Amino acid sequence: ALKKFFSKRPNLITARIAQVMSKGGAVVVNFARDVLTGAIKNDPELEVKRAAELRDTITSLGPFFIKLGQALSIRPDILSPRSMVELQKLCDKVPSFDSKIAFETIERELGRPVDEIFSEITPEPVAAASLGQVYKATLRATGDTVAVKVQRPKVLETVSLDLYLARELGLFARNFPNLSDRLDAVALLDEFAFRFYQELDYNLECESGNKMKEQMKVLPDVVIPTNYPEYTSRRVHVAEWIDGEKLSQSTADDVGALVNLGVITYLTQLLDFGFFHADPHPGNMMRTNDGKLAILDFGLMTEVTDDQKYGMIEAIAHLLNRDYTEIGQDFINLDFIPKGTDTEPIVPALTKVFDAALAGGGAKSINFQDL
């Protein structure tokens with residue numbers, strides 16, 4: 001559908017490619033030069049400078065690139081802590097759009113004037129992210145303090161064009177077996193696009209949030225905001241306001257315990273319910289003022305089957321017991337590797353990679369090139 005639409009609009013394609021090249025070209029050249037000369041490896045300040053330049057460029061290119069940057073910001077196996085800190089600013093420090101447009105969107109989507117719905121609302125957003133920005137407000141009908149998220153204008157059109165161009169690039173890459181044999185970029189983008197379009201429908205986010213709130217009642221120290229379907233549409237979302245601070249920035253004594261609770265929370269979602277929050281970047285994890293763990297933003301969710309759950313449990317058991325020969329079969333059962341593949345050649349790599357991780361090195365110790 002995207003190909004049919006955009007193939008008739010070559011001017012849009014040309015303009016977008018020129019925009020990406022003009023804004024990103026210099027950053028890529030500077031970074032490549034610093035890597036080749038070794039300058040970035042020996043100069044922490046230069047590394048932070050280049051990461052900040054990359055963040056600013058990503059921000060200027062819009063939601064598709066911001067989402068990619070957010071995903072990169074939680075990869076310690078790829079980035080240093082200094083670079084991760086810079087890219088994590090993409091989670092909630094993205095430039096906002098005009099509040100007049102946001103309030104017009106609220107009125108158009110909900111069919112009522114803003115001051116009829118809310119007795120109070122901040123004149124400017126309190127946070128802005130890749131797809132929308134958030135206002136703090138008070139519901140006139142109930143007096144509840146809420147977070148009002150409004151989607152950016154024309155985000156659907158912008159994202160669709162970038163997805164189309166990225167997919168065309170992936171199709172071109174299939175002509176080079178050295179690239180396509182290692183990564184099926186088209187299949188990856190198709191899955192990414194499916195999730196991205198789901199995230200653009202705030203009605204789905206509202207349903208997912210309330211479903212998660214019900215399921216997480218088994219963990220009393222986990223807070224899931226109440227969502228308000230009567231005040232939600234495709235482009236406007238209203239949920240309970242949570243007071244607190246980012247877990248990643250908190251200096252409270254109980255942060256370590258809350259991180260452990262977060263691990264338990266995600267394992268509970270994944271292995272007990274098969275329905276889990278798939279966007280756990282730092283902007284979505286909070287320590288509440290009373291010391292609980294709050295999880296926000298349920299636009300990106302994933303479900304797993306019972307077979308996948310059992311497969312993951314078996315893989316974890318084999319990993320903990322260092323039974324790496326069986327992990328290869330687990331990867332087949334989980335559809336990570338095609339059925340019929342001889343997994344024996346990957347056992348030495350698995351042994352090297354996971355032994356380092358189990359020794360306490362964490363994700364940063366995993367050499368994915370070896371794997």
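This is a predicted model: local features need pLDDT of at least 70, side-chain atom pairs count only at pLDDT 80 or more; totals for chains, interfaces and linings use all residues.

The points below cover a helix contact, aromatic rings and charges over rings.

1. Helix 13 (residues 255-273) and helix 14 (residues 306-320) have axes that come within 8 Å, with a crossing angle of roughly 125°. Helix 13 contributes L270, L271, D272 and F273 to the contact, and helix 14 contributes K309, M312 and I313. By residue class, the contact has five nonpolar and two charged members, and no polar ones.

2. Nine aromatic pairs turn up when the whole structure is searched. One of them joins F172 and F176, with ring centres 5.4 Å apart; the planes stand at 65°, so this pair is edge-to-face, the cut-off for that label being over 60 degrees. F172 is partly exposed, at 48% relative accessible area, and F176 is also partly exposed, at 41%.

3. Y228 and Y231 make a tilted pair, with 6.4 Å from centre to centre and 55° between the planes. Are these two tyrosines, Y228 and Y231, buried or exposed? Both Y228 and Y231 are buried.

4. A single aromatic cluster is formed by F64, F65, F192 and F196.

5. Two lysines lie over aromatic rings. The charged end of K149 is placed over the ring of Y202, 4.9 Å from the ring centre. K211 lies over the face of F275, and the distance to the ring centre is 4.1 Å.

How values were computed: Residues are numbered from 1 along each chain as its sequence is written. Side-chain values use heavy atoms; hydrogens and water are left out. Axes are lines fitted to C-alpha atoms, for helices over the stretch in contact, and angles run from 0 to 180 degrees between N-to-C directions. Helices (H or I, at least four residues) and strands (E, at least two) are DSSP runs, numbered from the N terminus. Contact means heavy atoms within 4.5 Å. Ala, Val, Leu, Ile, Met, Phe, Trp, Tyr, Cys and Pro count as nonpolar, Asp, Glu, Lys and Arg as charged, and the others, Gly among them, as polar. Rings of Phe, Tyr and Trp (its six-membered ring) pair if their centres lie within 6.5 Å; planes under 30 degrees apart count as stacked, over 60 as edge-to-face and the rest as tilted. Buried means under 20% relative accessible area, exposed over 50%, partly exposed in between (1.4 Å probe, protein chains only). A charge sits over a ring if NZ of Lys or CZ of Arg is within 6 Å of the ring centre and within 35 degrees of the ring normal.
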